[in-house]
Amino acid sequence: MCHVIVTCRSMLWTLLSIVVAFAELIAFMSADWLIGKAKPSSSEEVDNRTGGSQEPYRPTLGIYGRCTRISHMQFSRRDTLCGPYAENFSEIASGFWQATAIFLAMGIMILCTVAFVSVFTMCVQSIMKKSIFNVCGLLQGIAGLFLILGLILYPAGWGCQKAISYCGPYASAYKLGDCSLGWAFYTAIGGTVLTFICAVFSAQAEIATSSDKVQEEIEEGKNLICLL
């Protein structure tokens with residue numbers, strides 16, 4: 001018989017697992033890893049309403065995507081165009097970024113799997129006599145290691161030609177040059193930290209769902225057990 005067990009610690013672990021998976025996925029897909037040096041508009045591009053030059057903008061560069069601004073002179077409008085600069089894996093700008101993409105993708109796949117499984121931990125607490133929380137916590141720890149490897153290798157690719165075109169000639173491995181780090185990089189770091197927090201907290205979720213109070217509720221014949 002399926003017993004639905006809901007505790008504060010198990011629900012918090014489930015929510016954190018889902019948030020971490022989405023955060024890492026969004027960061028990986030974003031082009032806001034590097035914010036390039038400011039590129040002033042040409043003197044010919046003038047705002048028809050103010051008569052002044054358009055403000056400079058800063059293009060952004062991701063692991064496999066980029067965002068840049070395109071001016072439409074006939075409409076006096078500027079559009080930001082975002083999309084992948086690499087049509088296939090081999091066209092990613094740096095070998096280090098290719099390795100980063102592999103490690104991050106592996107970590108994110110594990111995190112998404114754990115997030116999916118975590119939804120069902122309210123009803124299923126063990127698999128083949130193994131605690132599902134402990135198994136998921138172990139997987140989250142492995143995913144965190146993959147994410148760390150990817151984040152360590154990523155700055156090594158700042159010396160590639162693509163990064164130099166955005167960050168200037170002084171950009172090199174682990175040196176940003178004229179670029180700055182975007183929100184996606186910080187989100188990936190924050191997600192990695194939360195991944196290890198989830199891995200540790202999974203043990204608390206296991207303790208909460210197998211406590212004496214839960215066992216007493218089960219012995220009383222309750223199918224829905226909610227404990228604070």
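Tyr154 and Trp158 are both buried (under 20% relative accessible area, with exposed over 50% and partly exposed in between; 1.4 Å probe, protein chains only). The model is predicted, so local features need pLDDT of at least 70 and side-chain atom pairs 80 or more, while totals for chains, interfaces and linings use all residues. Residues are numbered from 1 along each chain as its sequence is written, and side-chain values use heavy atoms, without hydrogens and water.

Me: How are the rings of Tyr154 and Trp158 arranged, edge-to-face or stacked?
Reply: Rings of Phe, Tyr and Trp (its six-membered ring) pair if their centres lie within 6.5 Å; planes under 30 degrees apart are stacked, over 60 edge-to-face, the rest tilted. The structure holds 10 such aromatic pairs. In Tyr154 and Trp158 the ring centres are 6.0 Å apart and the planes at 90°, so the pair is edge-to-face.

Me: How many residues apart in sequence are the parts that Tyr154 and Phe185 tie together?
Reply: The ring centres of Tyr154 and Phe185 are 5.8 Å apart with planes at 35°, so the pair is tilted. Tyr154 lies in the loop between helix 3 and helix 4 (161–167), and Phe185 in helix 5, so the parts tied together are apart by 31 residues.

Methods: Helices (H or I, at least four residues) and strands (E, at least two) are DSSP runs, numbered from the N terminus.
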